[in-house]
Amino acid sequence: QVQLVESGGGLVQAGGSLRLSCAASGRIFSINFMAWFRQPPGKQREVIATITNSGSTTYTDAVKGRFTLSRDNAKNTMYLQMDSLRPEDTAVYYCAAKGWGQEYNYWGPGTQVTVSS
């Protein structure tokens with residue numbers, strides 16, 4: 001019903017920057033919330049940034065001040081600008097979306113971000 005595809009991951013040195021993109025297609029009108037999640041090696045998946053249809057954003061403390069979520073509704077694309085990257089930011093980053101349900105039910109396949117020391 002909704003398809004999400006991430007892009008922009010890669011290998012970067014500590015202190016560097018990356019910009020992730022999430023392209024959405026399908027029944028976009030059913031989306032009410034979108035988010036970026038990440039899953040470091042050997043750890044649980046965690047939400048790091050969210051955005052509502054009204055444009056309100058939230059960030060987890062681990063990325064606040066370094067990462068910025070934005071959205072271009074005309075292009076059906078969400079972005080995550082990541083600055084001042086640290087080795088602990090190394091993870092698979094996922095784009096997610098949901099309607100009014102309590103759980104995110106649309107997911108992209110993920111994109112790997114690796115930050116070297």
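This is a predicted model: local features need pLDDT of at least 70, side-chain atom pairs count only at pLDDT 80 or more; totals for chains, interfaces and linings use all residues.
## Ground rules

Strands here are DSSP runs of E with at least two residues, and helices are runs of H or I with at least four, both numbered from the N terminus.

Residues are numbered from 1 along each chain as its sequence is written, and side-chain values use heavy atoms, leaving out hydrogens and water.

## A proline out in the open

Let's stay with P109 for a moment. Its relative accessibility is 60%, so P109 counts as exposed (over 50%; buried is under 20%, and partly exposed is in between, using a 1.4 Å probe and protein chains only). Setting aside its neighbours within four places in sequence, P109 is in contact (heavy atoms within 4.5 Å) with L4, V5, E6 and Y94. G55, on the other hand, is 54 residues from P109 in sequence and 24 Å away in space, C-alpha to C-alpha.

## Rings meeting rings

A pair of aromatic rings is described by two things, the distance of the centres and the angle of the planes. Rings of Phe, Tyr and Trp (the six-membered ring for Trp) pair if their centres lie within 6.5 Å; planes under 30 degrees apart are stacked, over 60 edge-to-face, and the rest tilted. That rule gives 4 aromatic pairs. One of them is F33 with W100: the centres are 5.5 Å apart and the planes are at 85°, so this pair is edge-to-face. F33 sits in strand β4 (residues 33-39) and W100 in the loop between β9 (91-98) and β10 (106-107), so the pair ties together parts 67 residues apart in sequence. F33 is partly exposed, at 21% relative accessibility, whereas W100 is exposed, at 71%.

F37 and Y104 make another edge-to-face pair, with 5.4 Å between centres and 75° between planes. F37 belongs to β4 and Y104 to the loop between β9 and β10, so here too the linked parts are 67 residues apart in sequence. F37 and Y104 are both buried. They also belong to one aromatic cluster, along with Y94 and W107.

## Charges over rings

A charge sits over a ring if NZ of Lys or CZ of Arg is within 6 Å of the ring centre and within 35 degrees of the ring normal. R19 does this with Y79, its charged end lying 3.9 Å from the ring centre. R45 lies over the face of F37, 5.6 Å from the centre of that ring.

## The nonpolar cores

A nonpolar core is a set of buried Ala, Val, Leu, Ile, Met, Phe, Trp, Tyr and Cys residues joined through side-chain atoms within 4.5 Å. The largest one has 27 residues, and those with the most contacts inside it are L4, M34, W36, L80, M82 and Y93. At least two residues of this core come from each of β1 (2-7), β3 (18-26), β4, β5 (46-52), β7 (67-72), β8 (77-82), β9 and β11. A second, separate core has 5 residues, among them A35, Y94, A96 and Y104.

## Two positive phi angles

Most residues other than glycine have a negative phi. N76, in the loop between β7 and β8, has a positive phi near 50°; N76 is partly exposed, at 32% relative accessibility. S84 lies in the loop between β8 and β9 and has a positive phi of about 50°. S84 is partly exposed, at 41%.
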